[in-house]
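Subject: Handing over a structure, with notes

Dear colleague,

I am passing on the structure we talked about, and I would be glad if you could read the notes below alongside it.

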Amino acid sequence: MAEGFFIHQFELGSWQNFIYLVGDKRTRTCAVVDPAWNYEVILEEAARLDVRITDLLCTHSHFDHVNEVEAMLAHTDARVHMLGAEIDFAGFSCESLVRHAPGDRVTLGDVAITMMHTPGHTPGSTCYHVHGVLVTGDTMFVNGCGRCDFVGGDPEVMYRTLHGLTDTMPGSTVMYPGHNYGPTPTSRLDAQFEANPYLKLPTLADFVAHRMAGKTPGTVIPPPAWPPPEGRPRRASA
Ligand SMILES: [Fe+2]
């Protein structure tokens with residue numbers, strides 16, 4: 001990991017989501033990857049680290065990754081970043097939204113973060129690559145991968161995406177997933193080559209059969225009322 005760059009991981013919400021602050025030590029600026037579940041905790045974490053939030057990076061449009069975008073915009077003057085393919089898929093809109101193409105970079109001080117188009121979970125899913133770190137959203141988890149049965153999901157596309165990553169990224173790359181579903185919060189890609197069952201299925205047909213077993217293509221995720229009347233969850237709940 002290059003000097004000057006930092007990544008801070010914390011878990012929030014009812015679905016074991018990981019939220020990230022990614023930034024530049026010199027300018028003490030950062031981006032929030034997937035601002036969701038509790039904007040107050042996100043702001044508290046940034047204050048604790050003494051960094052200023054300038055950007056919100058969305059891996060995709062599912063509510064458990066973006067449900068605090070509006071609240072964050074009310075408390076910061078951040079720009080919001082999403083690939084055009086995901087904006088079009090979801091009809092996503094908000095203030096200060098920047099529409100991106102694959103390969104675009106978001107710069108924070110000396111740190112440049114590259115947007116990689118990794119469809120399969122949703123059409124415009126995005127991994128953020130910076131200094132040997134890959135923030136994967138719901139594309140890849142530790143020993144898992146994102147579901148492909150939700151609206152916009154496609155297991156054949158996911159298979160190509162996962163193999164595109166493993167064929168091109170160095171094994172030393174550290175994967176930071178969108179959910180805390182694995183035995184460890186992060187994993188090197190070379191460890192995933194050995195341990196992730198979704199990377200070990202030999203053919204596309206095997207992958208599709210395993211990923212879609214028991215699932216119904218086109219499943220709609222019912223978003224909850226937001227914000228919840230009982231208050232925002234501060235940490236993961238069982
Ligand atoms: Fe998702």
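This is a predicted model: local features need pLDDT of at least 70, side-chain atom pairs count only at pLDDT 80 or more; totals for chains, interfaces and linings use all residues.

To begin with the overall picture, the protein chain contains 8 helices and 14 strands, and its C-alpha trace spans about 45 × 45 × 35 Å along the principal axes. Of the 238 residues, 43% are buried. Among the contacts with a separation of 6 or more, 62% are between residues 24 or more positions apart.

The helix pair I looked at consists of H5, which covers residues 155-168, and H8, which covers residues 204-212; the two pack with their axes 9 Å apart and at an angle of about 120 degrees. That angle makes H5 oblique to H8, since the range for roughly perpendicular ends at 115 degrees and roughly antiparallel applies only over 145. The crossing in which H5 passes H8 is right-handed. On the H5 side the contact is made by Pro155, Glu156, Met158 and Tyr159, while H8 contributes Leu204, Phe207, Val208, Arg211 and Met212. Sorted by class, this contact of H5 with H8 has 7 nonpolar and 2 charged residues, with no polar ones.

Which of the two valines, Val66 or Val220, is buried and which is exposed? Val66, which lies in helix H2 (residues 63-66), has 23 other C-beta atoms within 10 Å and is therefore buried, given that 20 or more are required. Leaving aside residues up to four places away in sequence, Val66 touches Ala36, Cys58 and Ser61. Phe193 is 127 residues from Val66 along the chain, and the C-alpha atoms of these two residues are separated by 30 Å.

Val220, by contrast, lies in the segment after H8, and because it has 8 C-beta neighbours inside 10 Å it counts as exposed, the limit for that class being 12 or fewer. Although Val220 and Val151 are 69 residues apart along the chain, their C-alpha atoms are separated by 5.9 Å.

Note on methods: Residues are numbered from 1 along each chain as its sequence is written. Axes are lines fitted to C-alpha atoms, for helices over the stretch in contact, and angles run from 0 to 180 degrees between N-to-C directions. Helices (H or I, at least four residues) and strands (E, at least two) are DSSP runs, numbered from the N terminus. Angles under 35 degrees count as roughly parallel, over 145 as roughly antiparallel, 65 to 115 as roughly perpendicular and the rest as oblique. A crossing is left-handed if the near helix is turned anticlockwise from the far one by less than a right angle, and right-handed if clockwise. Two residues are in contact if their C-beta atoms, placed from the backbone, lie within 7 Å. Ala, Val, Leu, Ile, Met, Phe, Trp, Tyr, Cys and Pro count as nonpolar, Asp, Glu, Lys and Arg as charged, and the others, Gly among them, as polar.
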